[in-house]
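Dear colleague,

I am passing on the structure below, and my notes on it follow directly after. Please read them with the coordinates open beside you.

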Amino acid sequence: MRITGGTGRGRRLKAPTGPHVRPTSDKVKQALFNIIGDRIEGAAFLDLFAGAGGIGIEALSRGAGRVMFVDDSRESLSVVRINVEQAGFAARAQLVLSKAESFLKKTSGPYDIVFLDPPYAMELGPLLGLLAASGIVKPGGDVIAEHFKKQPSPPAAGTLTLHREARYGDTVLAFYR
């Protein structure tokens, strides 16, 4: 796992061990940031289900103003902390140990971009509905959900509407506004 673009390009990142972590492939990461494009510059970015932090660190490398990393695993957040510090992005990163649902109920945001990569067995609809109801996404902001290809992308959840899907092997990126 490595940073694929921006100021940290080529830097290798550590990954937590165990079957519960599934880092986003470099191919999918590059495609995601090609789609996001210039919207990342200066953005407030939320990496929900952060895992090793690869997506949030990529956002920092490509110019995000700040990134909030949220995960319910101490081991994962420990690895994120190491990765963020070694990449030189600690000043623009914040780490929170919390279940996604609890975080969404108590945080106020706002975020320009929210990326979520929940466990593949988790249903997206209820999670997206909670995200929409939380009000943490800025008006005109983006929500991107990574999920397994056999799980459908909900066409809408609360105020969020699916406007684009991109498939890469077994992975789907679903873009909501």
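In this predicted model, Met68 has Gln94 of strand 3 as its bridge partner, and strand 2, which covers residues 66-71, pairs with strand 3 in the parallel sense over five bridges. These strands belong to an open sheet of eight strands whose order is 3-2-1-4-5-8-7-6, with mixed pairing; its edge strands are strand 3 and strand 6 (156-157), each of which pairs on one side only.

Helix 2, for its part, lies across strand 1 (44-48), strand 2, strand 3 and strand 4, and runs at about 175° to strand 2.

Which residues of helix 1 (residues 26-36) are buried? They are Val28, Lys29, Ala31, Leu32, Phe33, Ile35 and Ile36, and the partners against which the buried residues of helix 1 pack include helix 2 (54-61) as well as strand 5 (137-148) and strand 8 (171-176). Just after helix 1, Gly37 takes a positive phi of about 60°.

The C-alpha atom of Ala91 is separated by 16 Å from that of Asp47, the two residues being 44 residues apart along the chain.

Terms used. Residues are numbered from 1 along each chain as its sequence is written. This is a predicted model: local features need pLDDT of at least 70, side-chain atom pairs count only at pLDDT 80 or more; totals for chains, interfaces and linings use all residues. Side-chain values use heavy atoms; hydrogens and water are left out. Buried means under 20% relative accessible area, exposed over 50%, partly exposed in between (1.4 Å probe, protein chains only). Helices (H or I, at least four residues) and strands (E, at least two) are DSSP runs, numbered from the N terminus. Contact means heavy atoms within 4.5 Å. Two strands pair if DSSP finds at least two bridges between them. Axes are lines fitted to C-alpha atoms, for helices over the stretch in contact, and angles run from 0 to 180 degrees between N-to-C directions.
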